[in-house]
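Subject: Structure handover

Hello,

Here is the structure for you to look at. My notes on the interfaces and the cavities follow it.

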Amino acid sequence: MSETAQMTMLYAEVQHFYARQMHRLDGGDFPAYAATFTLDGEFSHTPGREPARTRAGITAELYDFNQKYAADPVQRRHLFTMIDIDGIEGQGDGGIRSTCYALVVKTRPGSDSPEFTSCVVHDVLVRVDGELLTKSRRVDYDKLM
Amino acid sequence: MSETAQMTMLYAEVQHFYARQMHRLDGGDFPAYAATFTLDGEFSHTPGREPARTRAGITAELYDFNQKYAADPVQRRHLFTMIDIDGIEGQGDGGIRSTCYALVVKTRPGSDSPEFTSCVVHDVLVRVDGELLTKSRRVDYDKLM
Amino acid sequence: MSETAQMTMLYAEVQHFYARQMHRLDGGDFPAYAATFTLDGEFSHTPGREPARTRAGITAELYDFNQKYAADPVQRRHLFTMIDIDGIEGQGDGGIRSTCYALVVKTRPGSDSPEFTSCVVHDVLVRVDGELLTKSRRVDYDKLM
């Protein structure tokens, strides 16, 4: 298969992977979200906060982080767009580096105007038993730049 | 062709289909939008409102619904992202289930700050004479959750 | 290769091209952005303003345009979605016509609420030495419609 064909397949697969991954997060299924990370996965979602590690650690972190919405429910949607993938698989051995924009849309019940946060997501993706997984994720916030 | 290659082609085709379909809607060409549905297509865009059925029914519904903008013109853009497709074609016979986020951007003439609505779109897509068509669409609004 | 496979590869390539192109622009690397245009490329980003031409011209235009942010720094993100490509390569000889939505997200340091502009981008893309380049780009703003 040509390198262009390989990149095309990987590009669509990463888009699809992100859609499923973030549907899980936005649906509040934190263990299912954590299962999209490798066993030793690392997730750094807020600058200044220690990264969460391992699936159990990521799950616990998300339950903890989302407690702030308990008294103020909000439906969040993470829109990942403008994905840049740095090379196809098998080039080097450090996994696939993926950088994309994330627009976080937060809607409160009955509200007519969602709130937004603009971020950049820096991922390393690896393939385990045929499936893509996130090995590490760092989220940078535009407002802090 | 491998299942991965089939999914890649379907994924790109669905993205392209949505782009063309929503350009028609946002351009105000309601009959052309309705033509992207099957002859017996069903479109449920507002909770509590009876779904529109058939192309003629969908067209009529859109003309009716958009009358509210007659005295208050607005340019709408439907941004479909984070598309999840549940399986490739030929698996089961109920069509392709596609779920995606829709961010609706509404800009008024001369306005510097668009308004937004965040939705989730639930589609069943089928292939008729080689072309993808929407068999049914249900739109859920985040603000009502 | 089938026409569907060709379109799939082109569609993913255009998405990837746009991601890399706009990461350069949003990162403030104007010469690198200009290098994604053909040598005779044309960039019309604001109605009523003369289009910038050639890579040097586009670079100069961007430095000039961005001076307005010098005293009021802002992180911009250009989210290109809903891409429609009009045919595959080799059909006709005028390049690939690509039309997409662009949501521009502007975040100020420390700000919790980004500002937005909704646009439609009209591109002609061509392939030079194997790589996609923008031959011409015209940006229409929804607020002016």
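Between chain A and chain C, 10 residue pairs are in polar contact, both residues at pLDDT 80 or more. Keep in mind that this is a predicted model. On the side of chain A that touches chain C, the elements giving two or more residues are helix 1, strand 3, strand 4 (96-107) and strand 5 (115-128) of chain A. Helix 1 of chain A gives the most to that side, with 6 residues. By class, the side of chain A that touches chain C holds 11 nonpolar, 6 polar and 3 charged residues.

Salt bridges come next. The count between chain A and chain C is 3. C:Arg77 pairs with A:Asp142 in a salt bridge, and the closest N and O atoms are 2.8 Å apart.

Now the extent of this contact. Chain A puts in 20 residues and chain C puts in 27 residues. The area buried between chain A and chain C is about 2,100 Å². Carbon and sulfur atoms give 63% of that area. Which residues of chain A lose the most area to chain C? They are A:Met82, A:Tyr101 and A:Lys143, together 33% of what that side buries.

**Chain C and chain B**

The contact takes 20 residues from chain C and 27 residues from chain B. About 2,100 Å² is buried between chain C and chain B, with 63% from carbon and sulfur atoms. In chain C, the residues that lose the most area to chain B are C:Met82, C:Tyr101 and C:Lys143. Together they make up 33% of what that side buries.

C:Lys143 also forms a salt bridge, with B:Asp112 as its partner. The closest N and O atoms of C:Lys143 and B:Asp112 are 2.6 Å apart. Across the interface of chain C and chain B there are 3 salt bridges. Polar contacts between chain C and chain B come to 10 residue pairs, both residues at pLDDT 80 or more.

Which elements give two or more residues to the side of chain C that touches chain B? Helix 1, strand 3, strand 4 (96-107) and strand 5 (115-128) of chain C do. Helix 1 of chain C gives the most there, with 6 residues. The side of chain C that touches chain B has 11 nonpolar, 6 polar and 3 charged residues.

**Cavities**

How many cavities of 30 Å³ or more are there? The count comes to 2.

The largest cavity holds about 330 Å³ of space. Its lining has 21 residues. A:Gln15, B:Gln15, B:Thr81, C:Gln15 and C:Thr81 lie nearest the centre of the largest cavity. Helix 1 (3-26) and strand 3 (75-86) of chain A, of chain B and of chain C each supply at least two residues of the lining. By class, the lining of the largest cavity has 15 nonpolar, 6 polar and no charged residues.

The second largest cavity holds about 30 Å³ of space. Its lining is as follows:

- from chain A: A:Leu79, A:Thr81 and A:Leu103
- from chain B: B:Leu79, B:Thr81 and B:Leu103
- from chain C: C:Leu79, C:Thr81 and C:Leu103

Strand 3 of chain A, strand 3 of chain B and strand 3 of chain C each supply at least two residues of the lining of the second largest cavity. That lining has 6 nonpolar, 3 polar and no charged residues.

Best regards

Key: Residues are numbered from 1 along each chain as its sequence is written. Chains are lettered from A and ligands numbered from 1 in the order in which they are written. This is a predicted model: local features need pLDDT of at least 70, side-chain atom pairs count only at pLDDT 80 or more; totals for chains, interfaces and linings use all residues. Side-chain values use heavy atoms; hydrogens and water are left out. On a 1 Å grid over the protein atoms alone, a cavity is a set of points where a 1.4 Å probe fits but cannot get out, and a pocket is an open set with protein on both sides within 12 Å along at least five of seven lines; lining residues have an atom within 4 Å of a point. Grid points are joined across faces, edges and corners, and a volume is the space filled by probe spheres set on the points. Helices (H or I, at least four residues) and strands (E, at least two) are DSSP runs, numbered from the N terminus. Ala, Val, Leu, Ile, Met, Phe, Trp, Tyr, Cys and Pro count as nonpolar, Asp, Glu, Lys and Arg as charged, and the others, Gly among them, as polar. Contact means heavy atoms within 4.5 Å. Buried area is the accessible area (1.4 Å probe) that two parts lose on being put together, summed over both. A salt bridge is a side-chain nitrogen of Lys or Arg within 4 Å of a carboxyl oxygen of Asp or Glu. A polar contact is a pair of N or O atoms within 3.5 Å; within protein, one must be able to donate a hydrogen and the other to accept it, and residues adjacent in sequence count only if both atoms are side-chain atoms.
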